[in-house]
Amino acid sequence: MKFSKALLLSALALASAEKLQYLGTNEAGGEFGDAVLPGIYNEHYIYPNINAIEASIEQGMNVFRMGLRWERFQHELFGDLTEFDLTEYKKIVDATTAKGAVLIIDPHNYARYNNNVIGSEEVPIEAFADFWAKLAEVFKDNEKVWFDLVNEPHDMETDDWFKAARAAVDAIRATGAKNNILISGNGWDGAWSWGKEAWYGESNADVALRYFSSEDENIIFEVHQYFDSDYSGTHDTCVQRPCQNLLKEFVEWLKTNNLKGWLGETSSTLSEGCKECVQEVLEYLEENREHVLGVTWWAAGPWWGHTACAIEPNEEKAFPEQMAWLKPYLPGPSELDEVPIYINKKVYCQGCEITATGGDGSLWGMEDGKSCEIDKEICGLNEQPTEQPTEQPTEQPIEEPTEEPIKESGKLQYLGTNEAGGEFGDAVLPGIYNEHYIYPNINAIEASIEQGMNVFRMGLRWERFQHELFGDLTEFDLTEYKKIVDATTAKGAVLIIDPHNYARYNNNVIGSEEVPIEAFADFWAKLAEVFKDNEKVWFDLVNEPHDMETDDWFKAARAAVDAIRTTGAKNNILISGNGWDGAWSWGKEAWYGESNADVALRYFSSEDENIIFEVHQYFDSDYSGTHDTCVQRPCQNLLKEFVEWLKTNNLKGWLGETSSTLSEGCKECVQEVLEYLEENREHVLGVTWWAAGPWWGHTACAIEPNEEKAFPEQMAWLKPYLPGPSELDEVPIYINKKVYCQGCEITATGGDGSLWGMEDGKSCEIDKEICGLNEQPTEEPTEEPTEEPTEEPTEQPVEPVVEPSTCKFEALGYKCCSHCISYIEDEDGSWGVENGKWCGISDECIKSYNECWSKKYGYPCCDTCNVFIIDKYGEWGIKDNDWCGIPSTCKA
């Protein structure tokens, strides 16, 4: 549910847009059992069921990508094609294409033969070309048969792969075959990394053009893309939102070079967020159908067991629910208006003799001449799988965390925190000190220095330091601020001055008629005059410029730098990027205009002394730092493009903001990032955590110490990486409990939306519940929900874990879910998904729906009866800046 005009526009676009030319599924099975080659048919591997393919065609699918193993089709290199496998495979090919659908031949070999890479001494390129020449001779007269050279090449030189692809294409064309040919990319073929050199070598985007061009007829470039945290398709949530962004670089490359493309694999488990993700991607590809011809879902096939991504129909031609998601986009003719839905229940063997492994790691046997699934639990096989999974992850595996980070390299030069407070209360400018805003507590900073922190980025508002443009600096604020600066630097730490203004003054952008660039330069010249003699004071020009031309921002930055240098100041100067300053988008032009990477070099170079380029990076689903989970794994990947840019141009960088809430996954994320930056410490000088400061209330990211010098737990995560001297071996930990005011008079708003008052000359937090302020906040929320709650937490369900006393689903071969989020119902009850498997919703959960109906969808009930929107699920409100269900008691 998207509650905005965007949803209406999206719906209208869906109704009117032309569909992709092709949309279908992968038909897996022929590549299974790769530990037993060539293996025995219907024991170690299997080809698809033509009845299942026909059922899919009846729904409107018109393309099927059908797996095989090269070693089964050609028992020895340069040998004849194997009669049995060719015959069995061709039966499916001929029956499918006779129905008018396209059949894509897919050697699912990862550019290998018997685990030796193509182009090696064991598997010369000529052998690969010979294999395809022989296949082409068989199928060249059927234009509905397309040739997919090989699935997901990896761990080889990109040039070696495309050289082999060129040889195979030439061999195919030499037979007279004009069939379409699909060419995958190196590095597991991810769309997200098509143009990147980050980890697999030269980019596919560059090398493909050495060997192919738009002059090559009937060539289609294929990518795969999944939308979970590591792009592998092995997790339950779709977190790479907006999902279509991962395909944009590939699509733009196709357009630029007048080429055609294909999304060869994509899929997801059942969740509302994943459904929207799939819809976003399909609608984006429809908009680009001139260059992207089609999509094949991963996957169908008779041996997919219990996986929650499979869309194999049953004998009644009913499908798992994802087929219903795809239905509106299917381009083939269909007389069916709806997709019958079923839950993929297991049919177990009576015995335990294993003959094959399914695509999801399930084990299979043969009884009465038919395949059946092995019950791992009854057969005692949960801990002893017989084969490796046939599908390997598309990313490098995430390493298991150790208790303490293992250090082989030196630490970063600087690691500290942001000290927030001086920028608060921006709705009341200039405001009253200690009521609308506050500067940091020097005792808190000293406690952080004692732990080993050595840098602090301290916020202020330009409007408070200069009440009018070109005016003198305000004596009060300059004095109070300078007290903290001097005390901090006297302890040997660096203090970064941070005008937290987003490149604005009184909401007018720098460079506008209201705020000329000269005013920005004047402000910095006056600040520089005050602090230029203290080399431990650094100047951060402004926080997170946005919604302006990138060139306008760097032009203003250049002017400010020149004004600072004119004063004789040689202090380090930090320069943020446009577009909210995300590291992940430093080199991209996707949404904020010209890229920071390009424009920064128009105005600055390595010849500029003491210039540091600053980025911010959070690791939740939309990079904002406002969600509880860290899903952009491996987390360091979001910084790699920025770091490589620094290296290429011999520049220095800084991670000015990053943080996370408390979870084991986020802890690992933070460790990954810090260790990566340590490895690149020659170019990245340091990091400042977001945030500390006296008015952060109860936010789970804050690391403000208490009066006993104890810290929230994240400080203990940072401790092994802190570079400053420290006599303390451990970090005392506390839970950030609230201290409420006695009354309800509000004087300020904290950084997390908390409300604050003044009593006995000290600030205290307002108890919203007692003061009746949950329903009537004094200000608009700083961020409205960008859409309905789309994702399920990767760590835990939203609601408390349910421990059912009995589980009726065990009799059906399923466990009960440890949560209450229901996706589908049938005659046996309500069903959820856990670890990619179906699980039953317990009776306890069903009872809890009566008390709070929205738990069924993963959201709590509201504390109030204020209805924000109504949809087909019910009435919704907002609680803690997220969706909540309106309680049934509100209707009483």
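Cys-309 is buried, with a relative accessible area of 11%; buried here means under 20% relative accessible area, exposed means over 50%, and partly exposed lies in between (1.4 Å probe, protein chains only). The closest cysteine sulfur to that of Cys-309 is in Cys-274, 8.2 Å away, which is too far for a bond. A disulfide is counted where a pair of cysteine sulfur atoms lies within 2.5 Å. Cys-701 is likewise in no disulfide, the nearest cysteine sulfur being that of Cys-666 at 8.2 Å. Cys-701 is buried, with a relative accessible area of 11%.

**Model and confidence**

This is a predicted model, in which local features need pLDDT of at least 70 and side-chain atom pairs count only at pLDDT 80 or more, while totals for chains, interfaces and linings use all residues. Residues are numbered from 1 along each chain as its sequence is written, and side-chain values use heavy atoms, with hydrogens and water left out. The pLDDT is the predictor's confidence in each residue, from 0 to 100. The protein averages a pLDDT of 83, and 82% of the residues score at least 70. Over residues 1-17 the pLDDT stays under 50, and the model gives this stretch 22 contacts beyond four places in sequence (a contact means heavy atoms within 4.5 Å). Residues 383-409 also have a pLDDT below 50, with 52 contacts in the model beyond near neighbours in sequence.

**Disulfides**

A search of the whole structure finds six disulfides. Three of them are listed here, including the link of Cys-635 and Cys-669.

| Pair | S to S distance | Angle about the S-S bond | Handedness |
|---|---|---|---|
| Cys-635 and Cys-669 | 2.1 Å | -125° | left-handed |
| Cys-807 and Cys-816 | 2.2 Å | 100° | right-handed |
| Cys-852 and Cys-861 | 2.4 Å | 115° | right-handed |

The disulfide of Cys-635 and Cys-669 has an S to S distance of 2.1 Å. Cys-635 lies in the loop between strand 21 (611-616) and helix 18 (637-648), and Cys-669 lies in helix 19 (residues 664-679), so the pair ties together parts that are 34 residues apart in sequence. Helices (H or I, at least four residues) and strands (E, at least two) are DSSP runs, numbered from the N terminus. Cys-635 and Cys-669 are both buried.

Cys-807 and Cys-816 are buried as well.

Helix 8 covers residues 245-256, and its 12 residues should span 16 Å at 1.5 Å a residue; the end C-alpha atoms are 17 Å apart, which agrees. The expected span of a helix is 1.5 Å times one less than its number of residues. The buried residues of helix 8 are Leu-246, Leu-247, Phe-250, Val-251, Trp-253 and Leu-254. Seen down the axis of helix 8, these buried residues fall within an arc of 155°, so they line one face of the helix. The arc is that of the directions from the helix axis to the C-beta atoms. An α-helix has 3.6 residues a turn, so residues three or four places apart point the same way.

What covers the buried residues of helix 8 includes helix 7 (204-211), strand 8 (219-224), strand 9 (260-265), helix 9 (272-287) and strand 10 (292-300). Just after helix 8, Asn-258 takes a positive phi of about 55°.

Helix 9, part of that cover, has 16 residues and reaches 23 Å from its first C-alpha to its last, close to the 22 Å expected at 1.5 Å a residue. Helix 9 is mostly covered, with 12 of its 16 residues buried. Among the buried residues of helix 9 are Cys-274, Cys-277, Val-278, Val-281, Leu-282, Tyr-284 and Leu-285, together with Glu-276, Glu-280, Glu-283 and Glu-286.

**Arg-504**

Arg-504 lies in strand 17 (residues 504-505). Is Arg-504 buried or exposed? Arg-504 is buried, with a relative accessible area of 14%. Not counting residues up to four places away in sequence, Arg-504 touches Trp-462, Glu-463, Val-509, Ile-510, His-546 and Asp-547. The side chain of Arg-504 reaches the backbone oxygen of His-546 at 3.0 Å. The C-alpha atoms of Arg-504 and Val-515 are separated by 7.8 Å, the two residues being 11 residues apart along the chain.

Conventions
A polar contact is a pair of N or O atoms within 3.5 Å; within protein, one must be able to donate a hydrogen and the other to accept it, and residues adjacent in sequence count only if both atoms are side-chain atoms.
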